[in-house]
Amino acid sequence: MGAKKIGNGQYEYKGYKIYNCGYHHPDHCVWWEAVNAKTSCADYHAHTKKEIMDMIDDDGAA
């Protein structure tokens with residue numbers, strides 16, 4: 001099951017809201033962030049949405 005699109009560059013996946021933070025010039029790459037819906041903490045950061053989803057899956061998030 002994939003992430004559900006909830007807005008422009010925003011997705012919901014297993015209790016996390018995943019955001020496209022855009023291009024970060026100093027790193028010369030795009031960053032994505034996963035925010036826990038319960039705690040409002042940004043628990044994961046990665047270069048692709050798939051990497052974020054894999055991190056969530058690897059940690060066994062519900």
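Reply: A salt bridge here is a side-chain nitrogen of Lys or Arg within 4 Å of a carboxyl oxygen of Asp or Glu. The model is predicted: local features need pLDDT of at least 70, side-chain atom pairs count only at pLDDT 80 or more, and totals for chains, interfaces and linings use all residues. Residues are numbered from 1 along each chain as its sequence is written, and side-chain values use heavy atoms, with hydrogens and water left out.

Me: Why is the pair D54 and K50 called a salt bridge?

Reply: The N to O distance between their side chains is 3.4 Å. The limit is 4 Å, so the pair qualifies.

Me: Where do D54 and K50 lie?

Reply: Both are in helix α1, four residues apart, which is about one turn of the helix. Helices are DSSP runs of H or I with at least four residues; strands are runs of E with at least two; both are numbered from the N terminus.

Me: What makes K50 exposed or buried?

Reply: Buried means under 20% relative accessible area, exposed over 50%, and partly exposed in between (1.4 Å probe, protein chains only). K50 has 57%, so K50 is exposed. D54 has 33%, so D54 counts as partly exposed.

Me: How many salt bridges does the rule give?

Reply: The count is two. In the other, the side chains of K14 and D57 meet at 2.8 Å, N to O. This pair links distant parts of the chain, 43 residues apart. K14 sits in the loop between β2 (10–13) and β3 (16–24), and D57 in helix α1 (residues 49–58).

Me: Why does N36 count as buried?

Reply: Its relative accessibility is 15%, under the buried limit, so the term applies. N36 lies in strand β4 (residues 29–36).

Me: Which residues does N36 touch?

Reply: Contact means heavy atoms within 4.5 Å. Leaving out residues up to four places away in sequence, N36 touches G15, Y16, C41 and D43.

Me: How do you know that the radius of gyration agrees with a compact globule?

Reply: The radius is taken over C-alpha atoms, and the globule rule is 2.2 Å times the number of residues to the power 0.38. For 62 residues the rule gives a value near 11 Å; the protein chain has 11 Å, so the two agree. The C-alpha trace spans about 35 × 25 × 25 Å along its principal axes. Of the 62 residues, 24% count as buried.

Me: What is the order of the elements from the N terminus on?

Reply: The run is β-β-β-β-β-α. That comes to one helix and five strands.

Me: What share of the contacts joins residues 24 or more positions apart?

Reply: Such pairs make up 18% of the contacts with a separation of 6 or more.
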